[in-house]
Amino acid sequence: MCGIIGYVGSQAAGPILLEGLHRLEYRGYDSSGIAVLNHAGVLAIHKRAGKLADLTASIEESPDGCIGLGHTRWATHGAVTDRNAHPHTSSASDVVVVHNGIVENFRELRSRLQRSGIETVTQTDTEVIPQLISLYQQEGGDFLTALRRTMAVLHGGNAIVALTQARPDHLYVARNGHAGGVVLGFGEGEMFVASDLPALLPHTTRIRHLADGEIAAVTAEGARIWDRSGATVPLEPLQVDLDPVAAMKGQYRHFMLKEIMEQPRTLSDTIRGRARIDPPSVELADLPMDDEALRALRRVLIVGMGSSLHAAMIGRTYMERLAGIPADFDNASEFRSREPLLGPETLVVSISQSGETVDTLAAMQHVAEIWKAPQVTVCNVEGAQSTRITDGAAIYLRCGPEVGVASTKCFTASLAALYLLACRIGIARGHLDGPTAEHAIECLLATPSIVDRMLEQREAYEALAARFAEAEHMLYIARGIQYPIAMEGALKCKEISYIHAEGYPAGELKHGPIALIDRRVPVVAIALRDALYEKLVSNIQQVQARGGTVFAIGSEGDEQLAAGAAFFAPVPESDPLVAPLATAISAQLIAYYLALARGADIDQPRHLAKTVTVE
Ligand code: F6R
């Protein structure tokens with residue numbers, strides 16, 4: 001969603017803010033803007049609808065001043081216009097704010113402002129924030145008190161950075177709820193603020209995530225933080241181990257391709273040091289549950305959204321097969337809506353690579369408040385909000401920043417993390433004995449090289465995409481543990497190539513979707529030589545009998561399948577439980593090269609954002 005950047009120090013703020021916004025572009029946005037305060041207390045605001053390049057082009061002279069804030073907007077309230085772009089100011093122009101999240105009660109707050117004689121001039125929910133701060137200041141009170149009063153009346157999840165002429169050396173940062181993360185970055189004689197780590201990493205790896213209810217006053221020398229009650233909170237910055245270079249595109253044309261290619265490494269990093277063969281064991285340092293606690297579990301529920309939900313679907317099978325425990329998955333947003341019945345004997349596993357997805361956080365919060373069930377989160381961002389809800393119980397993915405909007409390396413790493421968790425539970429519960437645990441772990445350890453071999457074939461996918469780039473609809477079919485990969489393949493295809501695609505369990509085909517088959521609708525069929533192979537082959541024949549074009553993802557050496565298919569993607573032999581990590585690569589490559597052939601904006605697909613912080 002929206003991106004936030006802030007700077008205070010001794011350098012010119014303008015270029016730092018623009019460069020920070022550039023690093024946040026991957027989140028998706030439709031407008032951008034910056035505000036810089038100069039030494040004479042004069043505020044310069046530049047904002048534009050459109051791409052960052054439009055903003056940069058509109059700035060004739062770089063603003064003078066060493067303190068400022070910037071924003072990339074993803075419109076939720078009001079059209080995409082220059083005026084609705086952030087930063088927003090109070091009528092008196094004494095307060096400037098950038099904001100991430102939604103002020104759910106903005107209409108009511110707008111009426112309250114009108115009753116005090118203040119007219120808002122934009123269609124945004126955000127504008128009420130600087131107006132309220134300014135009003136509360138006029139009513140008598142310092143800036144901090146006015147900010148605190150304002151945050152207290154906002155409904156919904158919100159993160160803001162504010163600047164005031166009254167305190168020209170201070171940036172104020174505040175967070176309410178889970179929509180919109182915000183992180184402080186500690187430099188030498190300078191401080192940074194951003195919604196996301198990639199914007200901070202070129203400057204510093206010493207960071208501090210702001211928690212729900214916290215307010216920070218930031219100067220060039222450092223920060224002070226208070227909680228909702230006004231009590232001072234220790235700073236305790238975190239040293240993050242992220243290489244800024246990893247956030248760069250390097251030799252690749254798109255972050256998405258770079259991240260697809262990184263998967264052998266990200267998988268080994270995720271598994272590294274956690275799975276051992278001799279004796280067969282899994283160690284998860286941030287899972288605070290001993291064998292006894294794992295044995296006491298009766299059920300596992302896995303929640304997530306989008307690709308993370310597809311990982312959850314596969315995670316269910318891992319729990320059933322490797323941990324020997326009843327398991328289910330749920331869409332995090334629907335989970336909360338239907339007021340589910342859980343109990344303290346259910347382990348809730350949430351998957352969120354960003355750790356900031358509002359639907360997933362809300363589901364986790366619901367579990368924490370209503371059911372007090374044990375929770376662990378699978379997450380790629382150290383110290384993200386999801387890990388705060390679980391009190392630190394996490395399986396970190398160790399993927400480095402995932403910049404491409406379409407999740408790739410975090411998806412496969414999530415599968416590896418769920419597999420590790422299932423083995424850990426299975427070993428504790430005695431479901432996996434020595435030899436079966438050893439076999440399971442060996443299969444997982446083999447995945448980086450299997451993925452490497454999948455990636456070697458990427459040129460074949462490019463050729464395929466060139467032939468079928470005109471398709472307007474596609475179907476993906478599979479069975480069993482591969483069915484979620486059909487869903488994931490279809491999601492990737494929709495997201496980045498804008499081809500309408502749907503994933504189905506192959507058994508469902510005859511119950512409706514088969515009516516869509518004709519030669520213009522390619523069908524991607526995942527048909528590995530596993531227990532469900534024969535059934536899949538029958539489904540493929542049903543498609544072909546109706547003139548359908550089949551792209552088969554099959555086992556290496558399956559000549560018969562290859563002969564009948566318009567495209568055959570061979571998958572090296574692997575255990576059926578880890579095979580989704582290999583077929584996921586085919587799904588990603590098909591989508592990537594189709595999008596490339598269609599000239600789509602792969603890293604920033606339309607209407608999408610990397611971190612989804614609105615419901
Ligand atoms: C799809 C994709 C999204 C995310 C979803 C959840 O390619 O990236 O569907 O998977 O928005 O995001 P996280 O994992 O950050 O909670």
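The side chain of Ser350 makes a polar contact with the side chain of Thr377, at 3.0 Å. A polar contact here is a pair of N or O atoms within 3.5 Å; within protein, one must be able to donate a hydrogen and the other to accept it, and residues adjacent in sequence count only if both atoms are side-chain atoms. Ser350 lies in strand β20, residues 346–352, strands being DSSP runs (E) of at least two residues, numbered from the N terminus. Ser350 is buried, with a relative accessible area of 0%; buried means under 20%, with a 1.4 Å probe and protein chains only.

A word on the model. This is a predicted model, in which local features need pLDDT of at least 70 and side-chain atom pairs count only at pLDDT 80 or more, while totals for chains, interfaces and linings use all residues. Residues are numbered from 1 along each chain as its sequence is written, and side-chain values use heavy atoms, with hydrogens and water left out.

Now the ligand. For Glu495, a polar side-chain atom is 2.7 Å from an oxygen atom of the ligand. Ser407 instead places a backbone N or O atom 2.9 Å from a ligand oxygen atom.

Note on methods. Helices (H or I, at least four residues) and strands (E, at least two) are DSSP runs, numbered from the N terminus. Buried means under 20% relative accessible area, exposed over 50%, partly exposed in between (1.4 Å probe, protein chains only).
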